[in-house]
Amino acid sequence: MRAVVLVGGVGTRLRPLTLRTPKQMLPVAGRPMIEWVVSHLGAHGVDEVVLSLGYRPDTFQRAYPDATCAGVRLVYAVEAQPLDTAGAIRFAATEAGIDERFLVVNGDVLSELDVSALVAFHDEAHRAHGALATIALTPVDDPAAYGVVDTDSDGRVRAFVEKPAPGEATSHDINAGCYVLEPEVLERIPADRRVNIERETFPALVADGLVWAMSQPGWWVDVGTAERYLQASLDLLDRGAGRGEAGHVADSAMVATSAVVTRSVLGPGCRIGRNARVEGSLVFSRAVIGNGATVSGSIVGASALVGDAASVTALSVLGNGTEVEGGASLAGAVLPHPDTWPSA
Ligand code: GDD
Ligand code: MG
């Protein structure tokens, strides 16, 4: 089976980390996010992934020059301008010549969804009821940031409401960002303009009674914000991606023997100084944490510098190459200041 993986978004909510890097190329427990996504699909029998690219496509092409990722063949479909989710699916499927049933996944979702069970469920819904699309659902406490999906008891979708206003969500089951689509869906997506699958294509298909959904319990994270990016990384450590107490430490990381590192991810070539403390944090490649500094529950970008005895805590996010003066104290800070970012 083939899968279109959407990775063309600009990652606005993860700025400044995504100012130069697409979010799906950010490191998660030692490998780019996209590799977790593709290897999960590969484990469910997907043998070709069409990467639907727009923002900084060269980053992916340079990382996988032989067009394989986690053992799965890649096809690159690069949009000249962002076509939004449905437009991107149509464009990518056309580029790759997809004319059979296929999968679509949001490339910023890490999960243990049983994709094979979803495909089997769709197969049955297609045969019995003519379903053209089946959406994987996952239960969340606060559905407002997602696509909320309401179904009949037999799984037919009654309503799909993207990012409902507070109090308007009618269900805690949300779109998990993984679909099985019949090729007929492509014909319902207008070409050459932006089309959003969540706000336009799915609601129209739902009105025609052609969409089904299957809810699955289990671990699921949309890695779209700094908080969830940190959470997903720490979850993966807890789920076995770490190597002991310290978490995931790259072989080339240099950690002073008196430093204390717990449940963190340390990237290649980073340096952790004497008596420094790093806990529940992500330290990217070549970043330097000074002597006696503390980094807690925060993200330190590539080549950033945290001065001696400084403290960086409470979901602070330091962009690549930023510097925190010795002795400074940052809690929940974002550097560089958002006023200095180019407009999204
Ligand atoms: N190629 C391409 N072109 N990809 C795009 C474009 C585009 O114009 N716009 C967004 N994407 C990609 C993003 O890179 C991401 O992988 C995926 O499409 C979804 O976009 P997000 O911006 O992450 O959407 P969201 O998280 O707010 O909401 C979506 O995901 C939720 C679950 O994770 C929706 O599908 C919700 O309904 C869903 O609940
Ligand atoms: Mg997302």
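Q: Hey, where does Arg 56 sit?
A: Arg 56 is in the loop between strand E4 (48-53) and helix H2 (57-63). Keep in mind that this is a predicted model.

Q: And what's its phi like, positive or negative?
A: Positive, at about 50°, although Arg 56 is not a glycine.

Q: Okay, zooming out. Which domains is the protein divided into?
A: There's domain 1, covering 2-222, and domain 2, covering 242-340.

Q: How far apart are their C-alpha centres?
A: The centres of domain 1 and domain 2 are 33 Å apart.

Q: How many residues are in contact there?
A: On the domain 1 side it's 6 residues, and they meet 11 residues of domain 2.

Q: What area do the two domains bury between them?
A: About 650 Å², and 81% of that is on carbon and sulfur atoms.

Q: Which residues of domain 1 lose the most area to domain 2?
A: Pro 16, Leu 17 and Ala 29. Together those three make up 67% of what the domain 1 side buries.

Q: How many salt bridges does the rule find across that interface?
A: 0 between domain 1 and domain 2.

Q: Is the peptide bond from Arg 15 to Pro 16 cis or trans?
A: Cis, with omega near 5°. The bond from Leu 335 to Pro 336 is cis too, and its omega is near -10°.

Q: Where's Pro 336, then?
A: In the segment after strand E30 (334-335).

Q: New topic: how many aromatic pairs does the structure hold?
A: There are 4. One of them is Tyr 179 with Phe 202, whose ring centres are 4.9 Å apart.

Q: Why does that pair of Tyr 179 and Phe 202 count as edge-to-face?
A: Because their planes are at 80°, and over 60 degrees counts as edge-to-face.

Q: Which parts does the pair tie together?
A: Tyr 179 is in strand E12 (residues 173-181) and Phe 202 is in helix H6 (residues 197-207), so the pair links parts that are 23 residues apart in sequence.

How values were computed:
Residues numbered from 1 in each chain as written. Chains lettered and ligands numbered in written order. Predicted model: local features only at pLDDT ≥ 70, side-chain atom pairs only at ≥ 80, totals over all residues. Heavy atoms only, no water. Domains from an automatic or database assignment. Contact = heavy atoms within 4.5 Å. Buried area = accessible area lost by both parts, 1.4 Å probe. Salt bridge = Lys/Arg side-chain N within 4 Å of Asp/Glu carboxyl O. Phe/Tyr/Trp six-rings, centres within 6.5 Å; stacked < 30°, edge-to-face > 60°. Helix = DSSP H or I, 4+ residues; strand = E, 2+ residues; numbered from the N terminus.
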